[in-house]
Amino acid sequence: MTSNEAMVSGQGVSQEENPYKITKKDLIRSSLNLGALGMEFSWTYYKQMNLAFCLMVAGMLKKIYHGRPDDYAAALHRHAAFFNITVQFAPFVGGIAMAMEERVARGEIEPESVNDVKAALMGPLSGIGDAIFLTTIRVIAAAVGISLCQAGNAAGPIVFLLIYNIPAFWLRVWGVQKGYSMGVSFLEKASENGLMTKVMAAIGIVGAMVIGGMTKDMFWATIPVQIGEAVKGKDPTTIQSVLDGIMPGIVGMCAFWIYYWLLSKKINPMWLILGTMVLGVVGAFFGFLGWKCRLCR
């Protein structure tokens, strides 16, 4: 075995002698770099946070695949797949992914398994993360900050930022380290005793529930076409009200399955986005599609 192969396999080379070993400093730096903190402002409709994720882990991938430019390029291409998650949990997933990439580099697991794990974690962690940060901590922070501002205290905005960001940044730093340690120990043991299969099945169920809820709550189009004449004192009957009487959210569910079917036929997502825009404009112009504001109750 050559010295280079020893470094790749991690055998015969101590951590101090191996300059390509991922360190705690590497992990923390990745959780606070431009990619990790730029998950939202580099977001795209096509693959959402994929570019930011690549930027977050690029430095560690260079270490893992040092002297192997083709494998490094393949790893970047692999992580350019669709990715979307509550941003505070992104470093945690990144840590797990890098631990798995080390095993990929040693030929112990298949490269496709990395994205399989990432995809399985996105939905459940997003459901948990959104509930914690967006609907709990953010609301509490805003309430405290607004109260201070109403009382004439200029520290209101600062307190708001501190309450929200202290746990957010703590989770980033702790999460990437925990994810990395879980990736090299927990995932291996879980795979051996069959626990990983059960965990992935449970995560898949939670993920399906989250996607089901988002299908209804994030679809804002309505079908306002009237059926018959309006009755005095009552709103006119519309196709939307009839469908809501059958099953609320049925229009969004049908739209979801149409898009799912089209994607299964390898239709380019960009064409679907453009088609949706055209359909929305045409539908609003001719009156067979409307928009329901979720905030207007």
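Which helix holds both D26 and R29, and how many residues apart are they? Select D26 and R29 to find out: both lie in helix α2 (residues 24-31), 3 residues apart, about one turn of the helix. Helices here are DSSP runs of H or I with at least four residues, numbered from the N terminus.

Before you go on, keep in mind that this is a predicted model, where local features need pLDDT of at least 70, side-chain atom pairs count only at pLDDT 80 or more, and totals for chains, interfaces and linings use all residues. Residues are numbered from 1 along each chain as its sequence is written, and side-chain values use heavy atoms, with hydrogens and water left out.

**Stop 1: the D26 and R29 pair.** Show their side chains. They meet in a salt bridge, at 3.4 Å from N to O. The term covers a side-chain nitrogen of Lys or Arg within 4 Å of a carboxyl oxygen of Asp or Glu. By this rule the count comes to 6 salt bridges.

**Stop 2: α2 against α4.** The axes of α2 and α4 are 7 Å apart, and the angle is about 155°. That makes α2 roughly antiparallel to α4, a label for angles over 145 degrees, while under 35 counts as roughly parallel. Axes are lines fitted to C-alpha atoms, for helices over the stretch in contact, and angles run from 0 to 180 degrees between N-to-C directions. D26 turns up again here: with L27 and S30 of α2, it makes the contact with M56, M60 and K63 of α4. Contact means heavy atoms within 4.5 Å.

**Stop 3: α5.** Keep α4 on screen and select helix α5 (residues 69-79). The axes of α4 and α5 come within 9 Å and cross at roughly 150°. So α4 is roughly antiparallel to α5. Colour N50, F53, C54, A58, L61 and K62 in α4, which meet Y72, A75, L76 and H79 in α5.

**Stop 4: a nonpolar patch.** Finally, switch to a surface view and select I227, V242, I246, M247, M253, F256, W257 and Y260. Together they form a nonpolar patch on the surface with about 770 Å² of accessible area. Patch residues have over 30% relative accessible area and no salt bridge, and nonpolar side chains (Val, Leu, Ile, Met, Phe, Trp, Tyr) are joined within 5 Å; the areas come from the Shrake-Rupley method with a 1.4 Å probe. The largest share, 4 residues, comes from α11, and that helix is where you'll find W257.

Note on methods
Patches are made of residues with over 30% relative accessible area and no salt bridge: like charges are joined within 9 Å, nonpolar side chains (Val, Leu, Ile, Met, Phe, Trp, Tyr) within 5 Å. Helices (H or I, at least four residues) and strands (E, at least two) are DSSP runs, numbered from the N terminus. Angles under 35 degrees count as roughly parallel, over 145 as roughly antiparallel, 65 to 115 as roughly perpendicular and the rest as oblique.
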